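Subject: Model for your files

Hello,

The model we spoke about is below, and my notes on it follow. Please keep the two together when you file them.

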Amino acid sequence: MLDELESYLADPVNLHSYAFFETKLIEMIYEYFSDLPFQEQLPFMLEHMNLYDHTEQSLIYDLLGLSQLRTYIKKAEASFQLAKALSLLLNIPGWTGLIDHHLILTYLRFMKPEKAFPLLEECKREFHNAGAHRRLLNLKFNQAHCFMKLGLFNEADQIYLNLIQTYDQVDTERFVAMVYSNYSWSKLLQKKYAEAINLAQTAVQLKTNFEDVYITLSYSFYKLGESEKALSVIDDFRAQERTDPRSKMVMKFLEVLESYLLKDKVYFECLANQLLPLIPEWKDLEVDLLVYQMLIDYYKAEQNKHELCGVQEKMIKFLLKE
């Protein structure tokens with residue numbers, strides 16, 4: 001119906017009508033659900049926030065938070081908190097729960113699982129009361145993600161396994177591919193490399209869009225002593241020519257691993273030391289320890305005790321900071 005609305009608004013008489021602002025809001029919602037760059041509308045919406053009621057204001061702040069979350073801006077938490085404060089003035093079933101779900105995603109993105117954990121039950125209750133069964137399934141997936149980041153691997157793996165067994169409740173392969181991707185990452189963190197590879201390969205067959213699965217595959221092959229397969233995975237990812245920020249960071253890690261496997265000493269040291277300062281901004285990639293371990297293995301092989309002690313000291317500081 002947007003074409004009909006645009007036709008109405010083409011008349012200069014209606015240009016500054018209430019319908020104009022409502023249409024802008026509808027356009028932004030449409031763009032968000034169509035995976036279009038909806039955030040381009042946000043400055044205009046925020047500038048005219050006083051023209052919207054509490055329901056719409058809450059929605060706009062929620063969309064602002066989603067935009068910030070996509071681009072790793074830490075202010076996303078504050079935006080969702082504003083949206084939640086406004087939602088408490090409303091009586092819309094499931095709306096506060098949805099904002100809480102977005103807060104959970106934010107805390108997991110910025111590696112604060114301890115802040116996400118208390119929201120899980122409250123969010124579950126909201127979705128259950130609203131009859132939002134699909135969202136309950138997504139919440140269950142993120143509960144497993146939260147458990148994994150808290151180091152509760154048995155609990156996380158049990159949920160992933162249950163979701164794989166019951167995924168037919170969802171009519172898309174995208175969801176189950178996402179489950180396999182995260183389940184494989186859980187196995188990688190537990191150093192169960194063969195299991196991680198099997199799960200990650202299934203995710204790739206299901207056409208996952210999750211970039212991190214290529215870290216799982218290449219690093220697991222490397223740890224199992226299958227360097228050629230690891231290099232082949234890196235080539236496969238490079239051939240995809242992904243340009244989004246997360247994919248670029250994944251590629252930086254893969255280049256470090258590649259140079260290590262090819263025994264390109266100078267290039268490896270250079271790339272590894274360039275990557276480490278960038279990682280704090282991408283905490284949820286969780287490749288810090290993988291890079292440190294490669295550096296430790298490298299300096300041990302080189303019998304370079306001076307550099308080895310320096311890397312070990314940095315690794316200890318990192319672990320203490322965590």
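Tyr 219 has a relative accessible area of 3%, so Tyr 219 is buried (buried means under 20% relative accessible area, exposed over 50% and partly exposed in between, with a 1.4 Å probe and protein chains only). Phe 253 is also buried, at 1% relative accessibility. The structure holds 16 aromatic pairs; rings of Phe, Tyr and Trp (its six-membered ring) pair if their centres lie within 6.5 Å, and planes under 30 degrees apart count as stacked, over 60 as edge-to-face and the rest as tilted. The rings of Tyr 219 and Phe 253 have centres 6.4 Å apart and planes at 45 degrees, so this pair is tilted. Tyr 219 belongs to helix H13 (residues 213-223) and Phe 253 to helix H15 (residues 245-261), so the pair ties together parts 34 residues apart in sequence. Both rings are in one aromatic cluster, whose members are Tyr 193, Tyr 219, Tyr 222, Phe 253, Tyr 260, Phe 268, Tyr 298 and Tyr 299.

This is a predicted model: local features need pLDDT of at least 70, side-chain atom pairs count only at pLDDT 80 or more, and totals for chains, interfaces and linings use all residues. Residues are numbered from 1 along each chain as its sequence is written, and side-chain values use heavy atoms, with hydrogens and water left out.

On the chain as a whole: there are 18 helices and zero strands (DSSP runs numbered from the N terminus, helices being H or I with at least four residues and strands E with at least two). The C-alpha atoms fill a box of roughly 75 × 40 × 35 Å along the principal axes. Of the 322 residues, 49% count as buried.

Salt bridges come to 18, each being a side-chain nitrogen of Lys or Arg within 4 Å of a carboxyl oxygen of Asp or Glu. Arg 109 forms one with Asp 284, with the closest N and O atoms 3.4 Å apart. Arg 109 lies in helix H6 and Asp 284 in the loop between helix H16 (265-275) and helix H17 (288-302), so this bridge ties together parts 175 residues apart in sequence. Asp 284 is buried at 10%, while Arg 109 is partly exposed at 22%. Arg 246 and Glu 211 form another salt bridge, their closest N and O atoms being 3.9 Å apart. Here Arg 246 is in helix H15 and Glu 211 in the loop between helix H12 (193-205) and H13, 35 residues apart. A network of salt bridges links Arg 109, Glu 211, Asp 212, Arg 246 and Asp 284.

Helix H6 (residues 95-109) has 15 residues, of which 13 are buried, so H6 is largely enclosed by the rest of the structure. Just after H6, Met 111 takes a positive phi of about 55 degrees.

Lys 187, in helix H11 (residues 173-189), is buried at 7% relative accessibility. Lys 187 forms a salt bridge with Asp 157, the closest N and O atoms being 3.3 Å apart. Asp 157 lies in helix H10, so the pair ties together parts 30 residues apart in sequence. Not counting residues up to four places away in sequence, Lys 187 touches Asp 157, Lys 192, Glu 195, Ala 196 and Leu 199 (contact means heavy atoms within 4.5 Å).

Regards
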